[in-house]
Structure formats: structure tokens, C-alpha cells
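Have the structure open while you read.

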Amino acid sequence: MTNLNEIISTFSIEEQQQFIQYLEKKNKRSDTKNIELFKLLVKNEDDSKSLCVKLYKGHKKEAYHALRKRLYQSIIDFIANANLKEENSVDMQIIKYILASRTFLTHKHYKMAYKILDKAEKIATEHHLFAILNEIYHTKIQYAYAYPQIDIDSLIGKFKANQKNNYLEDQLNIVYAKIRQTLNDITYRGNIVDFETLLNDTLKEHNININDSMSFKSLYQLMTIVSISAFVSKDYLKIEPFLIDTYKTIQTHKNKDKQLFYHIQVLYIIANTLFRNKKFNDSLFYLDNMHKLMSSKQKKHYKTFFLKYNLLLALNYNYSNLQGKAISTLEPIAKQKHQDVESLLDINLSLIMFYIQAGDYKKAHQSFSKFYHTDKYHETKAGKEWVLKKNLIEIILHIELQNIDLVDSRLLSFKRLHFEYLKSINQQRVISYLSFVEEYYKAPEKVRSISFHDKVKNTFEWVKAEQEDIFVMSYYAWLKSKMENTPLYITTINLIKEAQIVN
């Protein structure tokens, strides 16, 4: 059965009202129950059997399923009409110009036809609509013989340049799809991939030159590809200047307002990169701009980005020494239902991390108990790295709660399930980290000795503080707090501040 609840959950309050008005105009009979069903589904309180009884005062399954089917079709029509009206107004206007010009051309009104085509060309160029430009140039060239004022060589030059841009956009779209597929293989299946080599080879294979002219969508795709490379390498500093410079280019695009969804995505990518580079004020600046765009156009995309925005906001607060604000941002959201399961899992895991840093192990344990699904399920929803983080946090939490039996079983389970994978992706330092955690668990007094400090210092391959992953620093902060007998949150913040001074 089509999950209408999932579709309806994406509607803003404004869109819900607009859809009800749409149904009211569409309904020819007064006894139609589609509006009533829609209002019940918005509340999301009842299952199908209960809804059927409420609507028909009995178990009329066939009538209920037919009603759901009609409502589903109405929702599809409503969404399609709304998007055609809002998103493609420029495209449709240009197409009208092309069609009108062709009519004039067949009637030999060449001057009028080329005047209209010039106007269409100007708008299409401003909006980087390469496929439509191709039609404009094709039409202009076709009738150039009948209109001597046209410089056909110049026109052919424009046509070829546009073909290049159109080809570039198509190729970049293919590269984007390939890279995202590879990321899925890395994140959700644990496949081992030399990502940097793959990226360079794929770009070379499709003749992608990042200095070429691109549409707004293509620039977003390129930024996403670059961000994926940083996700894999954990080197966000390297990509920051490129993202900022690219965004400056995007801001000059005429169609940035038309492609609002991509604009919000770009702002999120930049804000996330700045957060990973411990530049929290800069990250908050871009998050503020993101929120403004989320709130525009009757909050059209607000619900889609609500979880991602608030998670990144809370993370910035937490590492800016505003722990209370971070927790209060996520607590009400963690209990909500949302179709973005991955972000919900990230929010709950981050909240548990905040609680542990605050020393509130009871709340952390209560929140952790909500992860009742298997690791296999969580891996399909949030990826292998998320599962690794969750399992490490669980071990630390049980150590703090002194759940001895659970610590032993979780340690054995982690080694059995993840050590081979960690070795295969050259993450020996996670294995070393867990061995130090286990040493602390078995003999807490030893971790404050000089010999243990030296062992830690000589075991890890240290990277520059400004380049170190912020979440890796958080795990190390827990060990450091035990070694120095200092509060975890203060230890974490001090480590971050040291990295910021270097930055």
C-alpha cells in the first residue's frame, strides 16, 4: 500500500491548506470523503482499520482502498501542478517564445521571429538553460539563410560553445551519480575504495574541467562531489576555499532563487565544512542564511531540511561551549517522527554524546535504549561509520555506568565484528584507541602513570590539530580526561580551542 502518511508529512501547513482548497474545487459531490481522509492522515494518529471505521462507520475495505487511491492521485496532481507553476515558469515562457517564433518563421515574418528568439536566448543564457538554448540556436541557424542580418559564423560559434556547456552538464551529472554510488558502497556496505584515485579518474574519463561554465545545479553537484572526498579523507580544510569561492560564483547566478532547493543544500555543505574545521561562528553565519531560505516561499523546503539544520546548529553550540543550548535544541526534536531516518539517528546519537560529556549518564542510557533495531538495520539507514560510532559510545557509556558484564560483551563483539574491517581501511588508530579504553576499564589507576601517557603518545599517528576530525577529538578527549582526571566537557572544549588557535 502507498504510504500516504510519508508523502503528507512533507507538506507544510500552508500546503495542507492549499491542497484542501484544491480538493474542494475538484469535488463534484458533497459526500466525497477525500478531505476528511486527508485531515485524519495529517494527524497521523490512527491505523488503516481505525480510519476505515471512522470514515464509513464499518469495515468497508474496498471503498476505503479506492478512496486512498483517489486521494493519492490527487496529491500527485497537486504536487505536479504546483511545481510546474513555481519551478518551470521561466522554462515555459522561453518555450512559448520558441514556439511563437517558429510560427512566425513559417509565415516568413523573419524580423519578428528573430526578435522573439533573441529575447528567448537572453533569458536562457542568464539561467544557464543549455538544453533550451540548443533549440534556440538550432532554430536560428535553420532559418539564417532567409535573414541576411544574421552573422551565421558567430551563431555557429555560440551554438558550439553551448553544446560544450550542455555536454559538460550531462557529464557532470553522470560523474555525480557514479561518485554518490561509490559513497553508498563505502558508507552503507563497508566496501574498500581508493576514493581520491576514483574521483580523479572519473573526472578525467568524462573530461570535466571545474573551471568551465556550469549551471547552478552542476555547481551544487560539483560541491557535493568535493565534499564527499573530504568525508572520506576527513580533510575538510583542503576543500574549504574551493567551496567558499564556488558559492561566490553561485550568488551571481540569475536562477539561484529558482533553484532554491540546491541553494539550501549548498549552504548546508559550506556550514558543515566550516563546523568540521572548528570555525563555528562562520558555520553559524551560513546556517543563518540557510534558515532564511528554508523559511522563504511559504516554507516550501523547511520540513525537508529541518533536522539537518537543527543538528548542525546544536553541534556548533556544543563545541562553542554552549552545551545547555545544544541539548535544549535537540531534546524536543529527538522524539519526533520524520521520514529522514538517517538525520534522526544522527540527532539521537549526538544527544547521547552531549549527555555523556555533561556527565548525565542516566539520560544517555535512556536515550540509548531507543536504538532497539539491529546494527544491520542501522547500517542500512545511517551507514557503517555511524554503527562504529554508536558501538564505541555504548562501550564508553557502560564503563561510566560500571556495567561490567555489558562492557566485556560489547568489547568482544566490537573486536569480532569490526577489527578486520578497520584494518582493511587503514584505521589502526581506532583499534589502538579501543585497547586504551579497555586498559582503563580493567585498571583505571594505570592511565595516570607516565608510562601510559608515553604509550599513548607513541602509539597514535598524530595529525595537525587544525586538520584532526572534530569527532575523533571528542573520543580522544574522553581518554585524555581519564588520564588527567579532568571533566570530560572541559577537556573536549580545551582540545577544540587549541585547534582553533592554530587555525
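**Notes on the helices, rings and a few residues**

1. Start with a helix pair: the axes of helix α18 (residues 341-358) and helix α21 (residues 384-400) come within 11 Å of each other and cross at roughly 30°. Axes here are lines fitted to C-alpha atoms, for helices over the stretch in contact, with angles running from 0 to 180 degrees between N-to-C directions. That makes α18 and α21 roughly parallel (angles under 35 degrees count as such). The crossing of α18 past α21 is left-handed, that is, the near helix is turned anticlockwise from the far one by less than a right angle.

2. Which residues of α18 meet α21? From α18 they are L345, D346, L349, I352 and I356, and they meet W386, K389, K390, I393, I396 and L397 in α21.

3. Before going on, some housekeeping: this is a predicted model, where local features need pLDDT of at least 70 and side-chain atom pairs count only at pLDDT 80 or more, while totals for chains, interfaces and linings use all residues. Residues are numbered from 1 along each chain as its sequence is written, and side-chain values use heavy atoms, with hydrogens and water left out.

4. Now the overall picture. The protein chain has 26 helices and 0 strands (DSSP runs numbered from the N terminus, H or I of at least four residues for helices and E of at least two for strands). Of its 503 residues, 48% count as buried, meaning under 20% relative accessible area; exposed is over 50% and partly exposed in between, with a 1.4 Å probe and protein chains only. Among contacts (heavy atoms within 4.5 Å) with a separation of 6 or more, 66% come from residues 24 or more positions apart.

5. On to the aromatics: the whole structure holds 21 aromatic pairs. The rings of F19 and Y22 are stacked, because their centres are 6.1 Å apart and their planes at 25°. Ring centres must lie within 6.5 Å to pair (Phe, Tyr and the six-membered ring of Trp); planes under 30 degrees apart are stacked, over 60 edge-to-face and the rest tilted. Both F19 and Y22 sit in helix α2 (residues 13-26), 3 residues apart, about one turn of the helix. F19 is buried at 0% relative accessibility, whereas Y22 is partly exposed at 22%.

6. F261 and Y262 make an edge-to-face pair, 5.8 Å centre to centre with 75° between the planes. F261 is partly exposed at 31% relative accessible area, and Y262 is partly exposed at 22%. Elsewhere, ring pairs link F19, Y22, F38 and F78 into a cluster.

7. Two lysines are worth a look. K299 lies over the face of Y302, 4.6 Å from the ring centre, and K384 lies over the face of Y421 at 4.8 Å. The test is NZ of Lys or CZ of Arg within 6 Å of the ring centre and within 35 degrees of the ring normal.

8. Is E468 buried or exposed? E468 is buried, at 10% relative accessibility, and lies in the loop between α24 (450-459) and α25 (470-484). Setting aside neighbours within four places in sequence, E468 is in contact with K278, R429, V463 and M473.

9. Last, T246 in helix α12 (residues 240-250) is buried at 7% relative accessibility. T246 touches L219 and M223, not counting residues up to four places away in sequence. T246 and L219 are 27 residues apart in sequence but 7.4 Å apart in space, C-alpha to C-alpha.

Notes
Parallel < 35°, antiparallel > 145°, perpendicular 65-115°, else oblique.
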